[in-house]
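Please consult the sequence and the structure shown below while reading.

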Amino acid sequence: MAGKTGDPFIVDNGEQPATGITGKLWLPRGFSGGVAKEWFDRRRMAMQPWSGFVDQRRFSKPRNFGELCQRVVRNLDTYHSNYTFIFLGLILYCIISSPMLLLALAVFVGALYIIHLKSLESKLVLFGREVTGLHQLSLAGAVSSPVFWLAGVGTAVFWVLGATLAVIGSHAAFRELDGADMEELMMEPV
């Protein structure tokens, strides 16, 4: 069954993925570990030092709305990778702190894995039509959606967005600009 066309889970070079805990990380086509690792490495390289990021001596109240806007724009540009890691940390905290959310994610991954195993045995046919990779993801989402609803995933999403906005917004607004940044952003009155 390794030659099925349109299967997003097939390994490109025709080899079967290794199984077991020591096997190679196996992901669907188009979602490789290399792409995720490359993105993560780029973010980590662009990150500013955390000591300067949280230096309390560099925080103050902006004098006016114009300075506040300048700070937000410049700090978002300077610390975008730090803010990304804060966002990911809040997501991780939310998932770990909610056992029901962990259960819902386990149900989703389990449903996806079972559907994938069934599609390896033979073509997965539902209501007389072959189920494609996108439909397999949708089917796994439909099977696990009641558990996500019970886990309160909507509340978790809005909590993460609100906490992210509060933490990043307050840091970007109250973190003073460096001297070089300040000269670059000085506007002339019209």
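How many salt bridges does the count come to? The model is a predicted one, and the count comes to seven salt bridges. One of the pairs joins R42 to E38, whose closest N and O atoms lie 3.3 Å apart. R42 and E38 are four residues apart in helix α1, so about one helical turn separates them. In general, oppositely charged side chains can pair when their charged atoms come close.

The helices named in this report span the following residues.

| Helix | Residues |
|---|---|
| α1 | 33-46 |
| α4 | 80-96 |
| α5 | 99-121 |
| α6 | 133-151 |

Helix packing is considered next. The axes of α4 and α5 come within 6 Å and cross at roughly 95 degrees. Angles of 65 to 115 degrees count as roughly perpendicular, and α4 and α5 are therefore roughly perpendicular to each other. On the α4 side the contact is made by C94, I95 and I96, and on the α5 side by L101, L102 and L105. The residues of this contact comprise six nonpolar, no polar and no charged.

The surface also has a nonpolar patch of about 480 Å², made by M100, L103, W149 and L150. Helices α5 and α6 each supply at least two residues of this patch, and W149 is found in α6.

Definitions and conventions. Residues numbered from 1 in each chain as written. Predicted model: local features only at pLDDT ≥ 70, side-chain atom pairs only at ≥ 80, totals over all residues. Heavy atoms only, no water. Axes fitted to C-alpha atoms, helices over the stretch in contact; angles between N-to-C directions. Parallel < 35°, antiparallel > 145°, perpendicular 65-115°, else oblique. Contact = heavy atoms within 4.5 Å. Nonpolar A, V, L, I, M, F, W, Y, C, P; charged D, E, K, R; others polar. Patch = residues over 30% accessible without salt bridge, like charges linked within 9 Å, V, L, I, M, F, W, Y side chains within 5 Å. Areas by Shrake-Rupley, 256 points an atom, 1.4 Å probe, with all protein chains shown as cover. Salt bridge = Lys/Arg side-chain N within 4 Å of Asp/Glu carboxyl O.
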